[in-house]
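Please keep the sequence and the structure open while reading.

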Amino acid sequence: MSKEQKAQAPKEQVVHLYEGGKRIHPKLAKGRFANWRIFAIVATQFVFYVLPWFNWSGRQAVLFDIPERHFYIFGLSLGMGDLIYLAGLLIICAFGLFWWTTIAGRLWCGYACPQTVYTEIMLWIDHFIEGDRNKRLKLDKSPWNFTKIRIKATKYLLIFAVCAWTGITFAGWFTPIREFVPAIFSFTAGGGALFAAAFYGFMTFLFAHIMREQVCKYMCPYARFQSAMFDHDTLVISYDVERGEPRGARKKNVSKEESKLGDCINCTMCVQVCPVGIDIRDGLQYECIGCAACIDACDEIMDKMNYPRGLIRYTTESALKHEYSERDIKKRLLRPRVLGYGAVLFAAVAALLFGIFTRETLHVDIIKDRGVMVRENTQGWLENAYNLRIINASEDEQVLTAKVSGFEDITLTGIPAEGIKVAGNDTVTVPVQVATIPEYADKGSHPIEFTFHYRKADEAADAARTITEKASFIGE
C-alpha cells in the first residue's frame, strides 16, 4: 500500500459501549423558574412529610393499611373490594401524563418527579455545605486532608438524616406513624415497617445522590418514549439559533452590529446550571428534564448585556420556524390531540368520582351451603341453607335487615329481629335458611332475590339504604 493510500485509509477507532458516569456539579440557578421549582418541591414534600401526621376522626388521616387490607383517605374508607378505584386512578395518572406532555413536554420531570425533587434537595445540601459549583469542583480535585474530610463528613451526615427521615415517612404511609416513630427509638418497631423504611431511605440515597442524572438518562423509560407524545406545537425548552448564532464573546459596550455576532456570548452558563449536563444549544435532547434552569441563567446574562430575554425559552418548533407568532402559541394548545387526551382524562376523573361517591359501603355475598342442598324442616316445607358474608367497608357500625322473595309463600330465618350488627371495617358470616311450600319448588333451580336494608347504628330506620342480590333455590 502506498503512502497516499495509507494516509487516506480510515484510522482504527476504539468505541466504548459504556462510558463511566462523571459527577456533574451544576451551578445553583436563580430566577422565576427556579422559584417555581422551589415552590413545587416545598408543596410536594409538605404532602409527603407532613400529611401522615394529620389525624381524622381519631385515626391517621391518610393510611394505606396493607396488613389489614384497608385504605383510609381522610373521610374515605376503602377495602379490598374497592381496588377497581385503584385501576381508575392509574388510568387518570397515565392520561394526565399524556395530556400534560402533549401540551408542555417534560414539566412533570422538571418540577414534580420524585427523582428530580430529591436530586434537587441533595444539590441544595451540596451547595449549603461545600459551596457553589467552583468550590465543589476545587474540593473534589484537592487532596484528602482534615478540612476535606470534615466537609464531606458533615455533608454525608446531613444527607443520611434526610434519607433516613424520608424512609421513615414512607413507612409511615403504611403503618401509623405516631406509633412507628417512637417504636423505632424504643426498638419495638415491626420488622416489615423497618425494612420498608431502610429500603426506601437507601434507594433515596442511591438514586438522588449517587446516581442522580444517570437515573434520568438510562433508567427512566419516560425519557425514551416522550417523543411519541411530542408534536411541532408542544412547548419545549429551545435555543433560538436564528437569534443566537454566530455565538462568541464580546465586550459589553460593543454592539451586535459591530461584533457581527448573535446574542449568544458563549458564556456556557446554560451548561453550568444544567442538572443533567447537556448543552441546550445543541437542540432538544432526551436527557432534558425541562427544569428551565438554563432559561434563568440565560435571562440573567441577557439582562447584563442589555439584550432582550428569551434567547432560551419555552416555545414550540413551529413558532421557531415562524409558522405562527409567539403570541399564537396559546391558540395552538386547543388542537385535536390535546382535546382528545383531555376528554378521556375528564371522563376518567368523572367516572372515578362518581364511582366513589355512589359506592355501597356495605357488601353482601350470598354463598349456598353445598353441604345441605335441600331438606325438609319441621313444618314440612322445603328448606335451603345459605351463608351471608357481610363486608362493612365503612368505619361506622352498620345494622342490616333482610327479606327474601321469589315464591308466593317464602320465609327467611336466622336473622335477629333487631338486625345484624357489623362493626366498622369488619366482615361477618351469618348462616340463614330460606323455606317454601313444596308445591312451589319442584325439582330444579328456582330464582329468588334477597333484599337488604342497612343503616348506621345511630341513624333512624327511615334512613336505611337498600341493596338486592340474586340467588337460587334448589327444589326436590
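In this predicted model, Thr-401 stands opposite His-453, a residue of strand 15.

- Strand 11 covers residues 398-405 and strand 15 covers residues 444-456; the two run antiparallel and are joined by eight bridges.
- Both strands belong to an open sheet of four strands, ordered 13-11-15-16, with antiparallel pairing.
- Strand 13 (420-422) and strand 16 (465-475) are the edge strands, each of them pairing on one side only.
- From one strand to the next, the twist averages 30 degrees.

**A nonpolar surface patch**

- Met-80, Leu-83, Leu-86, Leu-89 and Leu-90 make up a nonpolar patch on the surface, and together they have about 440 Å² of accessible area.
- One of these residues, Leu-83, sits in the loop between strand 5 (76-79) and helix 3 (84-104).
- Leu-83 has a relative accessible area of 36% and is therefore partly exposed, since this class lies between 20% and 50%.

**A buried aspartate**

- Asp-65 is part of strand 3, which spans residues 62-65.
- The relative accessibility of Asp-65 is 16%, so Asp-65 counts as buried, the limit being under 20%.
- Leaving aside residues up to four places away in sequence, Asp-65 touches His-70, Phe-71, Tyr-72 and Phe-174.

**Salt bridges: Arg-37 and Glu-120**

- The whole structure contains 23 salt bridges.
- In one of them, Arg-37 pairs with Glu-120, and their closest N and O atoms are 3.9 Å apart.
- Arg-37 counts as buried because its relative accessibility is 5%.
- Glu-120 also counts as buried, with a relative accessibility of 14%.

**Salt bridges: Asp-303 and Arg-309**

- Asp-303 and Arg-309 form a salt bridge in which the closest N and O atoms are 2.6 Å apart.
- Asp-303 is partly exposed at a relative accessible area of 37%.
- Arg-309 is partly exposed as well, with a relative accessible area of 47%.

**Salt bridges: Arg-389 and Asp-365**

- A further salt bridge joins the side chains of Arg-389 and Asp-365, at 2.9 Å from N to O.
- Arg-389 lies in strand 10 (residues 382-392) and Asp-365 in strand 8 (residues 362-368), so the pair ties together parts that are 24 residues apart in sequence.
- Arg-389 counts as partly exposed at 35% relative accessibility.
- Asp-365 is partly exposed too, its relative accessible area being 27%.

**A salt-bridge network**

- Salt bridges also link Asp-126, Glu-130, Asp-140, Lys-152, Lys-155 and Arg-212 in a network.

How values were computed. Residues numbered from 1 in each chain as written. Predicted model: local features only at pLDDT ≥ 70, side-chain atom pairs only at ≥ 80, totals over all residues. Heavy atoms only, no water. Pairing = 2+ DSSP bridges. Axes fitted to C-alpha atoms, helices over the stretch in contact; angles between N-to-C directions. Patch = residues over 30% accessible without salt bridge, like charges linked within 9 Å, V, L, I, M, F, W, Y side chains within 5 Å. Areas by Shrake-Rupley, 256 points an atom, 1.4 Å probe, with all protein chains shown as cover. Salt bridge = Lys/Arg side-chain N within 4 Å of Asp/Glu carboxyl O. Buried < 20%, exposed > 50% of the residue type's maximum accessible area, 1.4 Å probe, protein only. Contact = heavy atoms within 4.5 Å.
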